[in-house]
Amino acid sequence: MAGINGSVSWQIQPLDWDASNLAGSFWAYRGNYLKSANDQLRYQVLWSNTGLNEGVEPSAANYSGGNGDLVAVTFKVEATVGDGYWEELGSVKKTRDIANKRYDNGSQPDGHRFTIDISQLVSGELSYSLCPINKGTWQSNYYGGMNGGLTMQDNVLGGSGGSMGTPISNYNVSRNGTFRRIKVTPYYEIINGDGDIVSAGNGNHSNIIAVINSVNQFEKDTVYYNQQFMHNEYSNTSTSPKRFLTRCPNWYYSTAENKVAYHKSVRMDEEAEFLQWYVRGSFPASDPDPYENYNLLELYGTAYDYDGTKTNFVMADFNSILENNNTNPSTQFLNYQNRMLVQNVSPAFINANAKAPQDATRPYTTSISPITSNTKKYSIHYRGVWYSQATGGGTWLNNRLSASNWYEIDREDEKNAYGFVRFHWLNSMGGIDSYTAKRDVVEGLTISRDVIERKSGDRTWYQDDKNQGSVMQTSLYHSDTMRGGDIYKGGREVTNVNAERVQSVYTEPLNKSVAKWLEEMILSPNVWIEMDTDATEMGNKRNDDLRPSTKEYIPVIITNSDVETVNQENGLVKFNIEYTLAHKVITQRN
């Protein structure tokens, strides 16, 4: 195979360190494993050769010893969710960039640069992952929960199981979910001595990054520059823990309640209140022995009664999708998890599934129901617990890895006539947020009709049923139609009824920070409400493992064209959330 004159090296990529060509060029050297699929994801390779600058054309005359000048690079973009199977998303072929020139003397930099941006290709591979209502975590790390994207054709059954095949198909399953891991490999083409363009093999793939379906705002986000939202073995400290993937203002870096701007209201009967986060590594940062992994990873909670009594509990359903260390799977997790995690922290689910905290054993054994009629609020944070021999003979230690999120119990009785409306939506950080609206529920229909004009029946001739001699003429009746009297049809007719169910509901009065958070619902492309119907109850009855609640997510379209989030004169604001069901009202065609 042909080779390349000189050398080719990575120049720009989303993830790089201080030993790279970018050292000193950019703040923090872009050392962040977690990226947004909706930001620019630029990749650049640099071809360097003696005496070559950006203004010099590649030439067939330079071909020698099987090596030639580089004329094009094809960047192969691949994605996975961590199981080792890399799926090719596409390839981008690029000739060299437009030449640069110095402003003062017209000189040009050395080498040729080949630059692409793959963000549009990657963003189409991410959507959302809903965890089923009343489930602790989703079933599969590779596919998440109820993923977005196209509905896949699936007519394939396994070969075993007789003529019916096996009941579950392994084919045509969409991975469009919350996160993907990305790598890019450059393939080179040179010009040979005959002037032909030929392959010259490929270089090493880029550093592997994870991308999530988040959206960064220029005016407020620092996520471009640090790992604020990723839990990592190098950044797990109690002084600057990471945040969960939500902008709800019910959090603070420490566990101090007086630092929290807002306690999120949750109801005792709510079964779907989720926290999501991305975890890269699970080694404790302060542990001097790199072989001592976390024994326990958990969400640690504290319930506070009105009288100040505290009850501690843990939630660890997400452990089921963590990867164990093969050396000691019963006590240790694998270091690099590289996956999105989710945990249900709703009051109903906590009471049904919480465990008492412990320091030495996995899995947990002692059940506990910490949220009672006396509970006022509770807090949640993510922590790791490990066994450290370095402290002198074996000590169980714990490290808080996330900020603390606070919730208060809403005990307002639900109005029987109308009920409350609980929303879920894909938020700007790539997670799922939720909110219950309770004021002034309105429902109705918006209807339009397609009408055509048809020939009317002949009204002058009615079929007679008199005796004709001794024989009744009933044998001539083929149906209840009357010749000349079929005036029940004809004239203007409706061929189709188009109907949409429209609804609206008001929020509680909101302060500025909560209103700014809730505006994400209006901006989100994916919004659902919870519904409890005959159909959803049937789903629970048929398979209570797949659908553990009688409620299900029903997609809606928010129809608000504007929303007021700040009103200095009035102070607190209320949202009127207007929406229509995404599944249209089905009517018959004529």
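Tutor: Let's start with a word we'll need a lot: buried means under 20% relative accessible area, exposed means over 50%, and partly exposed is in between (1.4 Å probe, protein chains only). What you're looking at is a predicted model, where local features need pLDDT of at least 70, side-chain atom pairs count only at pLDDT 80 or more, and totals for chains, interfaces and linings use all residues. Residues are numbered from 1 along each chain as its sequence is written, and side-chain values use heavy atoms, with hydrogens and water left out.

Student: Okay, why is Thr580 called buried?

Tutor: Its relative accessibility is 5%. The cut-off is under 20%, so Thr580 counts as buried.

Student: Where is Thr580 found?

Tutor: In strand 31, residues 576-581. Strands here are DSSP runs of E with at least two residues, helices are runs of H or I with at least four, and both are numbered from the N terminus. By that count the protein has 4 helices and 31 strands.

Student: What is Thr580 in contact with?

Tutor: Contact means heavy atoms within 4.5 Å. Leaving aside neighbours within four places in sequence, the list for Thr580 is Glu500, Arg501, Val502, Val556, Ile557 and Thr559.

Student: What makes strand 28 and strand 31 a pair?

Tutor: They have 5 bridges, again antiparallel. Strand 28 covers residues 491-506, and Ser504 has Glu578 in strand 31 as its bridge partner.

Student: In what order do the 7 strands of the open sheet come?

Tutor: The order is 24-23-29-30-31-28-25, with antiparallel pairing. Strand 24 (432-437) and strand 25 (439-454) are the edge strands, as each pairs on one side only.

Student: Now helix 4: which residues are buried?

Tutor: In helix 4 (residues 534-542), they are Thr536, Gly539 and Asn540. Seen down the helix axis, they fall within an arc of 95°, so they line one face (the arc is that of the directions from the helix axis to the C-beta atoms). An α-helix has 3.6 residues a turn, so residues three or four places apart point the same way.

Student: What do the buried residues of helix 4 pack against?

Tutor: Strand 29 and strand 30. The face turned away from the buried side carries the exposed residues Asp534, Ala535, Lys541 and Arg542.

Student: How many disulfides does the structure hold?

Tutor: 0. A disulfide would need a pair of cysteine sulfur atoms within 2.5 Å.

Student: And why do Cys131 and Cys248 count as buried?

Tutor: Cys131 has 3% relative accessibility, and Cys248 has a relative accessible area of 1%. For the protein as a whole, buried residues make up 47% of the 590 residues.

Notes: Two strands pair if DSSP finds at least two bridges between them.
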